[in-house]
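Subject: Structure for your files

Hello,

Here is the structure, with notes on its pockets, a surface patch and some salt bridges below.

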Amino acid sequence: MARGFRQKIRQKNTDSSGFGSNASGRFINKDGLPNVRRKGINVFNRLSWYHTMLNLSTFRFLSYLVIGYILINIIFALIYYSIGVQHLTGIDKSNPINEFIDVFFFSSQTFTTVGYGRIAPIGFMASLVATFEAFLGLLAFAIATGLFYGRFSRPRAYLRFSDIAVISPFQDSTALMFRLAPYKNNALTDADVIVSAAIEVIEDGIPKSNFYRLETRLNKISTLALNWTVVHLIDENSPFYGFSEDDFKSIDIEIIVQVRAFDEVFSNTVVQRSSYATGEIIYGAKFVPMYYPNKDNQSTILDLDKINKYQKVDLSVLAEDRG
């Protein structure tokens, strides 16, 4: 933790953030999930495996399915092999490697209920294991199908936030800015943003986190088609009023963002969160434009590669002009 802030902040502290003043570390991770670790309950009750699988990236989700499929078949292949390959017809018994390969592929055919027929179980134990594996395979594919459907049908905002926020000149003053943009072809309307700040302060020699609602110049837009630069003016009503560049670099600050919009395709409200902590706030910078007309001026190009692009500006001149 960096040093706390001792200066009296004019804005009233609010306790509507959902986090207590004694919470530590980052409150919201960059992926929008709360940075909270739960104890006092076992892992099976603490984790929702359905939510976990839905929130995985596509690569990790598919990797887990493939790895799980291979491991299950290896386990059943070992069970069949321990029972004895003589209880399976059609096995290539020329060497142990070929035996295990045939047993593995027999397991995969049983698990998927394909059953080509070249290899078949003989005897009670082999047939019992094959029966249980086929039943388990039906359940596993039903669960996998449900997860696939849940991942494709779940409404999501599909917003990309800038990795950094900036302190920029704005209307003869300065403002905290960050921006976001939709990166898929979904149609979002009636988008609104809620921004709050967690600032570590020193009260009676004890560090604690105070939360402040940050008013934005525009907190709602009718259509979110291009990028949206959210602006919080740093004036007398801002908790950042009087902050210097050193304050933004040394005081523990976290900007918590929540965007809510209506998805017309799903006819549902979608929500996405992000945050900006100390070190992710660039003092004396402004974003460069990230959309422009195409060559024939018939459409607009939204360049998502520029969402983090900025250029440095000198805010000391602005401070002198205000003085």
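Helices (H or I, at least four residues) and strands (E, at least two) are taken as DSSP runs and numbered from the N terminus. The model is predicted, so local features need pLDDT of at least 70 and side-chain atom pairs count only at pLDDT 80 or more, while totals for chains, interfaces and linings use all residues. Residues are numbered from 1 along each chain as its sequence is written, and side-chain values use heavy atoms, with hydrogens and water left out.

Ile67 sits in helix α3 (residues 58-83). Its relative accessibility of 47% makes Ile67 partly exposed (buried is under 20%, exposed over 50%, partly exposed in between; 1.4 Å probe, protein chains only). Together with Val66, Ile70, Leu71, Ile74 and Leu78, Ile67 forms a nonpolar surface patch with about 500 Å² of accessible area. Patch residues have over 30% relative accessible area and no salt bridge, and nonpolar side chains (Val, Leu, Ile, Met, Phe, Trp, Tyr) are joined within 5 Å, like charges within 9 Å. Areas are by Shrake-Rupley with a 1.4 Å probe, only the protein chains shown counting as cover for residues.

Pockets. A pocket is an open set of points on a 1 Å grid over the protein atoms alone, where a 1.4 Å probe fits, with protein on both sides within 12 Å along at least five of seven lines; lining residues have an atom within 4 Å of a point. Volume is the space filled by probe spheres set on the points, which are joined across faces, edges and corners. The largest pocket holds about 1,700 Å³. Its lining has 47 residues, with Asp31, Leu33, Asn55, Leu56 and Arg154 nearest the centre. By class there are 21 nonpolar, 14 polar and twelve charged residues in that lining (nonpolar: Ala, Val, Leu, Ile, Met, Phe, Trp, Tyr, Cys, Pro; charged: Asp, Glu, Lys, Arg; polar: the others, Gly among them).

The second largest pocket has about 400 Å³. Leu65, Tyr69, Ile72, Ala140 and Ala144 are the closest to its centre among 16 lining residues. Eight of the lining residues come from α5, the largest share. The lining has 15 nonpolar residues, one polar and no charged.

Salt bridges. There are four, counting a Lys or Arg side-chain nitrogen within 4 Å of an Asp or Glu carboxyl oxygen. Glu280 and Lys30 pair at 3.8 Å, N to O. Glu280 is in the loop between β11 and β12 (281-283) and Lys30 in the segment before α1 (43-46), so the bridge ties together parts 250 residues apart in sequence. Glu280 is buried at 19%.

Regards
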